[in-house]
Structures are given as C-alpha cells and as structure tokens.
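Have the model open while you read.

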Amino acid sequence: MTRYFFLFLLLLSTAALADDGSRLWLNYDLIKDAKQRESYAPFTKFIAVSSDNQTLKIATEELQTGLQGLLGKKVTILKTATSTGGILLNVNQNAPSSANISNEGYEIYAEKGNIVISSKSETGVLYGAFELLRAIQMGKSLAKLSITSSPKVKIRMLNHWDNANGTVERGYAGSSMWKWNELPHRIDPRYVMYARANASIGINATSINNVNASSRFLTAEYLEKIKAVADVLRPYGIKVFISVNFRSPRTLGGLKTSDPLDPEVRKWWNDKTKEIHQYIPDFGGYLVKANSEGEPGPQDYGRTHADGANMLAEAMRPFSGIVIWRAFVYNADPNGDRFKEGYAQFKPLDGTFDPKVIVQVKNGPIDFMPREPFHPMFGAFPKTTLGMEFQITQEYLGQSTHLTYLAPMFKECLDTDTYAKGQGSTVAKVIDGSLYNAQYSLMAGVANTGSDVNWCGHPFNQSNWYAFGRLAWDHTLSSEQIASEWIRMTLTQTKQTEQKISDMMLKSHPIYVSYTYPLGTSHMMGESHHYGPEPWLAKSARPDWTSVYYHRADSIGLGFDRTGKLSNALQLYSPEVQQKWGNPEQCPLDYLLWFHHVPWSKKLSTGRSLWDELCVRYYDGPVQVGNLQKTWESLKANVDPEIFENVKGRLKIQEKEALWWRDACVLYFGEYSKMPLPKPLTPPQRTLNEVKKLVEIYHLR
Ligand code: GCV
C-alpha cells in the first residue's frame, strides 16, 4: 500500500513538473524563494475594486490567480479596502500625474501601505495588473514601487493569416486557433487564454483572417462568428479587424463591378460597414491587401490605392474604425527592382489618403528577409500615416525548427535613422506618430499562433509574440530586458539559468543570419515553401520569385548593385543614409550585398576577401548552433523536462539544417568564385547535386 502511495506521489510530482507550454508566459509558478514570497505578503492581503465592470473583474481575477500561483496563497477580493496592505484598483480620470499618461496607460505606486494601480480606463488598470504581476516575477520590491507607463503606439495589432478552412498561411504551429465550424455556438477556452496573453503585453487589436482574404468573412454567417470572438476579446481591450477581399461587391453583392468610384460599389461598402457594426459596435476596421500577388484591387479598374482606401474610409466615417491598407505590392518586371515597387506605387499618393487610412508597410522593402534595410517608405511619407508590419511567424527565419529570437531584428529596424527630418528621425518615431504628429499609429505583427498545444510550435517562438507586444507598447525596451522577462515568466526563476538562456536568445538571430543570409544576401530559400536553401533557383512564375534575381552571382562577384548601375534604389533613402550605405568601403557588412555587387576577391574591412568572409560565416553558423546545443544541454537539470526535450530535438534539427544551408550556399557560390575554401575550413562532404536532391525530397513531402 505504502509503495503504491509513494508511486502515486512520484507520478503527481512528475506531472506537476511537465510543462506543455500551453500557459505561455502566464504560468505563475510558485516563487521558490520563501523570503521573496514573504516580502510581498504585506502588500497582498486583499485586492480592492469597487466596480462591477467586466474588465476590472478580469484584472482582479488575474491578480488573484497570479498571486495564488506565485505566492501560494488565496488573496481575498473586497469592494472597499477595510485595512491597509492590499492592492487597490482605481479608474481615475484625475489621478495626480495622469496628464502624462494616455487613456490606456497606468500608474502603479505604493501609498499608505497599499499598492495602487490607477488608470483613466479599465483596460489601463488591466494592463497595470499584468505589469504588477510581471514586477513580482522579476523580483522587484513593492515597498517603493513607482511605475508610470503609456503605450507609445496606439494600435498594437496581431495579423492572423488564418483561412476559413482552418489552415494558416505561413503558420508553423498546427492549424488555425479559430474554430470557424464551431463558432458562434462553442467558445473554445483558448480564445480567453489568447485574450489574456495579448492583454498581458498590451496588444489591443487583432485581424482574424488572412490578408489573402475570402469574401466569406463578410457574410452574415461569418459576422455572427466574428461577433462571438469579438465579444470574448472586448473586455480584454482587444478590437477585432477583418481582412477584406476588394472584389466582395461583385462576389458577394452580385454587382457588376468593384470599381471604388462606382456609386453602387460605394453604397455596398457603406451598407456592409453598417451591417458589421450591428454585430460588432466597436469594430476595429478593415485590413486590405490589394493588387498584390494576384489579389484584386482598385488598379483592376484603373484606380489608385488611395481611391480604394478612401472609399473604405468613407464607409467607416460614421464609426470609430479605420482602414489599414498594405503597401506590399510589386509588379513582375524582369528589368525592374522589386526593392523600389512599394515606394514607386505609393509615393505619388502621399497626401491623398483619407485621415482614417493607415498605410501598413513591411519592415523591409522585399519581404521579411532575415535581415533587411528599413523600407525606404518610412523616410519619405510626411503626409501619410504609416504603420509597421513585422512578421512574428518565422516564414524565412527557420519556421518552427530554428531558435531565432526576433527582438534584436525588430529593434534594428525601429532604431535606424531615416533622417527624414534630420538626425534622430528613427523608424520608430515615424511609426509611433511622433515625427509627424499623426492622429493614429500602428505596429502590426503577423501572428505565429496555431492549434499546437504550446501555441507557437518551437517553445522559443513564444518569445517572439511576447517581444512583439512589448515593443509595440514601448519600442525603447531593450532586447535583453524583454528576453529576461520572458525567460523568468516562462522558463526559470534562477538568475544563472536565465542568463544562459538569454545569451542563447540574443545570439540566435546573428547565428541564423550567418548560415543563411550573411553579408546582406537575401531571398535564396526553397521555392514557395520558403524552407531551406535554394540559391540556384533560376526559373519561377515570376523573375522576382527566383533566387538568382536577388544574389546576382557571376564570375566577378556577388550582390545586387543598387547604387545606380543596375538599380538606383539607394536613392530612395535620404542623402545621409545614401552616404552610409552607398560606398562599398564603408557600408556595414550586414547590408553590403543588399546594395553592392562586390568582387569575390575584394578585401573587406575584416581583412578577408568577400569569398573568404562568406565561407567563414557559413561555416561559423553551424558551429554556433553546436554551442547553443551545448549550453542547452548544460541546463537539463534547470528547466522543465518536457520543454528541455522539445528544444533539444529542435536544436538537433537546426544543426542539421544549418549544415544544409552552409553546404548548399558554399558549393553553389563556389562554382562562381572558383576560389578554394579559406584555411582551415574543409570542403563539404557532399556534392552540390546531392544537396540539390535534399530540396527535391522536401518538395515531395
Ligand atoms: C499573405 C509573402 C508570403 C505570402 C504572404 C505575402 C503577404 O509573399 O509568402 O504568403 O501572403 O507575403 O505578405 O501578403
């Protein structure tokens, strides 16, 4: 009997240890340090909230759940404080320093033995509640706590590329988390978890369907379903947007045209917009991909992007919602440069967009490459509100098998100076609206969520969702701080373990770039699935879907000359940026081949020739992945066993695939450079043909 009892206890403790990742960064595991737990006791005797508002109820319950987990005690909820030593939730339009904080901002401070969370809005209090829980998890003392925080960007949004049939375009974590076949009747509990996770990092908007949009999402049947989702997300401060198909007036409304200047078409959108508001009174608005990659748009009728966007903005005029119009457009011109397309099509329209329109621009001019220079539009549209589009899902960044922490990449773009209004005109200041005093501001991230139990596939991919939200709230946060928060809340409470994992994360993006796209190369991935290397890809439906279009390897050298001879794309940037990147001798190596065709034997600032430097980087990548594996192995006893094994397996795959990239690129480019590998590097064990076959196998899968 006793033996069985012990076995039962053992099983119980193992079960408690195993973490399937489903709780994301909200696991609220007990703080192991009893002293630390005790230090919070004087301020966590109760939670006081006087209102029955649903958002405040959620904030209160989140605090109660969080404190129960972290401190191992049940904290009572009161209507009014009867003594000191509690957490007071206040919605207060006239708080002392509230002039400095926006509606969604909050203050948290210690006062008369209590901790006060105060905001002008209920959502602000909810954000403050999450911040307090974060502060506790980060081990901060509450005795003198004083935090004031306001979001820098107004619309902090996830873009889901989820389809009605349950698939996710560029999704690597299972199928769609939205169960369209069940809605509106069954509300999957994961919607609530999704809302909590987003609110915890300040995300306040979500577009629920793919930008390659089906008109179906505008039918009454789907509006009922979307309403059900919106009702769940609303109390968490999250507004729902719909991606729309521009041809909907024809396909859905039975009209002869979808011409944005046609009165009947305009009426159709006006009526549809009114109808949507009957379901969702606080509807966020429309997200539109038009005249891009085969999607319909106003150009089909000889109209401009502004004509299309302004028509939708007019329909939205009676309401609070907005129109987000994507700038990701490019024509198949074999002699053109895709780099310039978005700029060329939109620049003449600067100043013609309705104030309710935000033009959403990808961080770089091509397409979410692992490293891109910032999109030149960011420095050149003083009369248009531009929003940022980052990709959280790792289409080109190792999908679900490579550990790649993206905060440094997001920040690299945000912190770059466009010089649009002189020094200090960073991309961040363009998109947070401060540079041009914009009414709206937007940072969107293409979501990496799916039906996988841990939401994001690779356990570390969760950190990119987290990092995106934190940066959308405050782009001045450092990648180190964000990593540290995520690790503490998700993986460990031990400083030493945290530091080791943080080190892995901070090195991960440079490592990935080193074995895939070193020195400013781009777009050499496998055709259509975008996984693994295919630098030899020379034929596709469009020239700008091949690899050779981008790397321009020949017997002389490598890289796309954008300084004038092949393309004058560099001129789209301000003179200061042109100066930084225009001279191959001074251009930072990370961007070199984005702008220059460099001879193989040209000596770089590292002292090595281009060829040698390329090889050194391709070879260093897999070695560094080996180091990541070693560090992870050393943490076996310190992290949850399920997460440990999961990451360990994925690192193994990453190592194999890093070698795949290395061999493919070194063998392929070697045919052009005709130079030997620099010593002491030894040639790959396989031939280029053998490596090419690996790609074929992938295609067959
Ligand atoms: C939603 C890239 C992706 C497409 C995506 C497109 C876009 O081309 O490969 O899957 O389509 O970007 O951003 O619209």
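1. How far apart should the ends of helix α3 (residues 54–71) be at 1.5 Å a residue? The 18 residues of α3 should span 26 Å, and the end C-alpha atoms are 25 Å apart, which agrees. The expected span here is 1.5 Å times one less than the number of residues in the helix. Helices (H or I, at least four residues) and strands (E, at least two) are DSSP runs, numbered from the N terminus.

2. A word on ground rules: this is a predicted model, so local features need pLDDT of at least 70 and side-chain atom pairs count only at pLDDT 80 or more, while totals for chains, interfaces and linings use all residues. Residues are numbered from 1 along each chain as its sequence is written, and side-chain values use heavy atoms, with hydrogens and water left out.

3. Staying with α3, have a look at its ends. At the start, a side-chain oxygen of Asn53 comes to within 2.7 Å of the backbone nitrogen of Thr55. Just after the helix, Gly72 has a positive phi of about 70 degrees. Buried residues of α3 include Leu56, Ala59, Leu63, Leu67 and Leu70 (buried is under 20% relative accessible area, exposed over 50%, partly exposed in between, with a 1.4 Å probe and protein chains only).

4. Now the ligand. The shell around the ligand holds 15 residues, and the closest are Glu169, Lys289, Arg326, Lys362 and Glu395; a residue is counted if one of its heavy atoms lies within 4 Å. By class, the shell has four nonpolar, three polar and eight charged residues (Ala, Val, Leu, Ile, Met, Phe, Trp, Tyr, Cys and Pro count as nonpolar, Asp, Glu, Lys and Arg as charged, and the others, Gly among them, as polar).

5. Glu293 sits in the loop between β10 (285–288) and α9 (305–316) and is partly exposed, at 33% relative accessible area.

6. The unreviewed entry also gives "domain: Glycosyl hydrolase family 67 catalytic" for residues 136–455, a span that is 25% helix and 14% strand. For residues 456–679 the UniProt label is "domain: Glycosyl hydrolase family 67 C-terminal", and that span is 54% helix and 2% strand.

7. Some backbone spots to check. The Leu183 to Pro184 peptide bond is cis, with omega near 0 degrees, and Pro184 lies in the loop between β7 (155–159) and α5 (189–200). Another cis bond joins Lys679 and Pro680.

8. Tyr419 or Asn437: which is buried and which exposed? Tyr419, with phi near 60 degrees, is buried at 18% relative accessible area. Asn437, with phi near 55 degrees, is exposed at 71%.

Notes: Polar contact = N/O pair within 3.5 Å; in protein donor to acceptor, adjacent residues only side chain to side chain. UniProt positions renumbered as here; feature names shortened; annotations may be inferred.
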